Amino acid sequence: AAVSPDGNLLAYQEVVGTKLGHIVVIDLESQQEKARLTDFCLVESDTAWGPDYQFYPETPFPGFPDDLEFTSDGRHLVGTFQVVVETGFARAVAAWDLEQGQLVYLTEPGGFAPPAFSPDGKLLAVSNIREETVDIVDIATWTSIGQVPQSGFARFASNESVVLIDDGLTVYNWADGTEIRSGPQGCDQRDYAVSPDGAILA
């Protein structure tokens, strides 16, 4: 589940019997449904991780949400999804326009880490661990405007730079992919945070 930055919207995955269903977005003040996102397959929750998983109906990709997060203005919902591929499961990143109720961004299935927003909320860092790249996506157009040819779990250090963690910490200028500075080794790849001014790592 996710709550928008202004606290007005809640997004969660609906459960219908043993099925994990659509993503529903609720206006918390009115308690009314704002959007219902149906661009992915439903899954039987009791077989989701076993050999007999069943997905239905056919939709753009057979998967279910892993992480969800609103953009700073609450207009878009972004998430990583577990997706069925021939070899088992992979992860994709998807985004919806909640005003239109439409899928506006979707990666090919791969080894994607949860995406990260820039401090001003205008950019999204989409890290593909398998391909060892981090794409910088402009949320206004949902197109890639830069790429860092390195692997790691990405966070923004500022609007102009990203922090990557892969055993050690490195800060890159995302516009040209150059290294700005490096930090401590042995950092946990998933659970870390960068302060809004990019000066402090936790």
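In which loop is Trp 142 found? In this predicted model, whose residues are numbered from 1 along each chain as its sequence is written, local features need pLDDT of at least 70, side-chain atom pairs count only at pLDDT 80 or more, and totals for chains, interfaces and linings use all residues. Side-chain values use heavy atoms, with hydrogens and water left out.

Trp 142 lies in the loop between strand 13 and strand 14, where strands (E, at least two residues) are DSSP runs numbered from the N terminus. Its phi is near 55 degrees, a positive value in a residue other than glycine. Most residues other than glycine have a negative phi. Trp 142 is buried, with a relative accessible area of 10%; buried means under 20% relative accessible area and exposed over 50%, with partly exposed in between (1.4 Å probe, protein chains only).

A positive phi, of about 60 degrees, is also found at Gln 31, again not a glycine. Gln 31 sits in the loop between strand 3 (19–27) and strand 4 (32–37), and is exposed, with a relative accessible area of 54%.

Turning to the sheet, 4 strands form an open arrangement in the order 11-12-13-14, with antiparallel pairing (two strands pair if DSSP finds at least two bridges between them). Strand 11 (116–117) and strand 14 (143–148) are the edge strands, and each has a single partner strand, so one side of each is left without a neighbour in the sheet. Strand 12 (residues 123–128) and strand 13 (residues 133–138) run antiparallel and are joined by 6 bridges. Within this pairing, Ala 125 stands opposite Ile 136 in strand 13.
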